[in-house]
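Dear colleague,

Please read them with the structure open beside you.

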Amino acid sequence: MVHQEFLSRAASGPIAPGEVAWQAPSNIALVKYWGKREGQIPTNPSISFTLDACNTRTRLAYAPASPKAKGPVFRVFLDGEPAPGFEPKIRRFLDLALPYLPFLENLSLEIHTENSFPHSSGIASSASGMAALALCLVALEERLDPGADTAQSKRKASFLARLGSGSAARSVDGGLVFWGEHPGIAGSSDLYGIRYPGEVHPVFGTYHDTVLLVDKGQKPVSSTVGHGLMNGHPFASQRFNQARRHLDLLGPALASGDLAAFADLVESEALSLHAMMLTSSPSFILMKPDTLAIIEKIRGYREAGGQPVCFTLDAGANVHVLYPASAAGAVYGFIREALLEHCPGGQHICDRVGAGARRL
Ligand code: PMV
């Protein structure tokens with residue numbers, strides 16, 4: 001299905017060589033997206049914190065392709081080295097993006113990309129990577145159609161990023177980003193992410209996310225396979241309803257700064273995501289014993305000391321520890337003393353809520 005709103009108005013014709021560059025952040029979902037329909041349409045809406053330190057920087061160099069080539073012709077470089085391993089994924093993405101950026105057909109592209117976090121860290125680079133590339137493509141389109149409106153360009157970047165990786169739709173804007181149609185959220189769409197339009201207590205702008213690297217290995221289940229496991233899953237419809245209910249309950253907690261309610265909802269979401277994998281067919285156990293040990297310690301510490309700290313998980317064993325800046329001294333001390341022993345080499349990444357993508 002072609003979405004008219006995102007078709008290109010850029011004139012076709014010769015394009016002079018040039019380059020554009022963008023940095024896009026990773027994000028961590030608070031209410032999770034797990035399950036999708038044809039065309040990367042989510043089966044439930046989701047919301048995430050945009051991160052800051054974990055990001056991808058992409059430089060896109062473009063030049064006319066030789067007239068015989070059936071474009072887009074492209075090469076990918078990671079940290080300055082050719083990275084042909086990424087080409088099938090980028091090829092699929094460019095093929096999906098082509099109806100919205102038809103001028104790509106006549107171009108030869110070099111995609112130079114760098115992640116601020118190590119490729120093997122267990123942090124997915126697909127959200128930040130696809131968002132950075134989509135932003136570069138939209139910036140290139142803007143050169144060909146200089147009148148484009150900024151808000152529309154941002155929406156189009158999120159729309160295109162989504163075609164590459166669903167959660168990448170949430171890696172364009174900053175703060176809290178909402179993706180997926182939901183009756184209570186004005187302007188929400190299945191097609192792109194928007195900055196969460198509800199009231200947000202300032203405490204959430206100060207949140208830290210310390211990512212504890214429990215296991216840096218390859219994930220046992222890719223996200224494509226993982227989303228597919230929700231087709232025919234015995235708990236699928238309950239799960240999609242639960243996510244919507246959680247979003248309805250999260251709204252008042254975000255508005256009032258109710259950190260206890262926030263912690264309950266965010267932890268429940270993380271465990272529900274893993275519960276779906278534990279109960280799918282085939283089933284996957286993505287937590288490690290150290291993941292559980294960390295979770296138990298976080299809950300014990302919160303209950304004993306009253307610090308507003310909570311955890312969330314991605315589709316893997318690493319733990320994201322979330323806490324406001326006002327608790328950072330105490331919580332980071334606790335992380336160092338009690339949690340890093342569960343991470344090989346004590347490895348962790350200190351991140352926080354960020355302002356969104358930026359042009360380089
Ligand atoms: O963007 P994908 O297709 O890799 O899916 C990611 C899904 C989770 O990270 C597990 C949850 C989410 O909402 O980000």
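The axes of helix H7 (residues 289-305) and helix H8 (residues 328-339) cross at roughly 140° and come within 11 Å, where axes are lines fitted to C-alpha atoms, for helices over the stretch in contact, and angles run from 0 to 180 degrees between N-to-C directions. The crossing of H7 with H8 is right-handed, that is, the near helix is turned clockwise from the far one by less than a right angle. On the H7 side the contact (heavy atoms within 4.5 Å) is made by Ile294, Lys297, Ile298 and Tyr301, and on the H8 side by Ala330, Val331, Phe334, Ala338 and Leu339. These residues divide into 8 nonpolar, no polar and 1 charged, counting Ala, Val, Leu, Ile, Met, Phe, Trp, Tyr, Cys and Pro as nonpolar, Asp, Glu, Lys and Arg as charged, and the others, Gly among them, as polar.

Before going further, please keep in mind that this is a predicted model, in which local features need pLDDT of at least 70 and side-chain atom pairs count only at pLDDT 80 or more, while totals for chains, interfaces and linings use all residues. Residues are numbered from 1 along each chain as its sequence is written, and side-chain values use heavy atoms, with hydrogens and water left out. Helices (H or I, at least four residues) and strands (E, at least two) are DSSP runs, numbered from the N terminus.

Helix H1 (residues 87-97) packs against two helices, and I take H3 to begin with. The axes of H1 and helix H3 (residues 150-164) come within 8 Å and cross at roughly 135°, which makes H1 oblique to H3. This crossing of H1 and H3 is right-handed, and its contact is made by Lys89, Phe93, Leu96 and Ala97 of H1 with Leu160, Leu163 and Gly164 of H3. By class, that contact has 5 nonpolar, 1 polar and 1 charged residues.

With helix H2 (residues 126-144), the axis of H1 comes within 12 Å and crosses at roughly 45°, so H1 is oblique to H2. The crossing of H1 and H2 is right-handed, and Lys89, Ile90, Phe93 and Leu94 in H1 meet Ser126, Met130, Leu133, Ala134 and Leu137 in H2.

Helix H6 (residues 259-278) has 20 residues and reaches 28 Å from its first C-alpha to its last, close to the 28 Å expected at 1.5 Å a residue. Asp258 caps the N-terminal end of H6, with a side-chain oxygen 3.3 Å from the backbone nitrogen of Ala260.

Two backbone details remain. Ser281 and Pro282 are joined by a cis peptide bond with omega of about 0°, and Pro282 is in the loop between H6 and H7. Gln40, in the loop between strand E2 (36-37) and strand E3 (41-42), has phi near 55°, a positive value in a residue other than glycine.

Methods:
The expected span of a helix is 1.5 Å times one less than its number of residues. A polar contact is a pair of N or O atoms within 3.5 Å; within protein, one must be able to donate a hydrogen and the other to accept it, and residues adjacent in sequence count only if both atoms are side-chain atoms. Angles under 35 degrees count as roughly parallel, over 145 as roughly antiparallel, 65 to 115 as roughly perpendicular and the rest as oblique.
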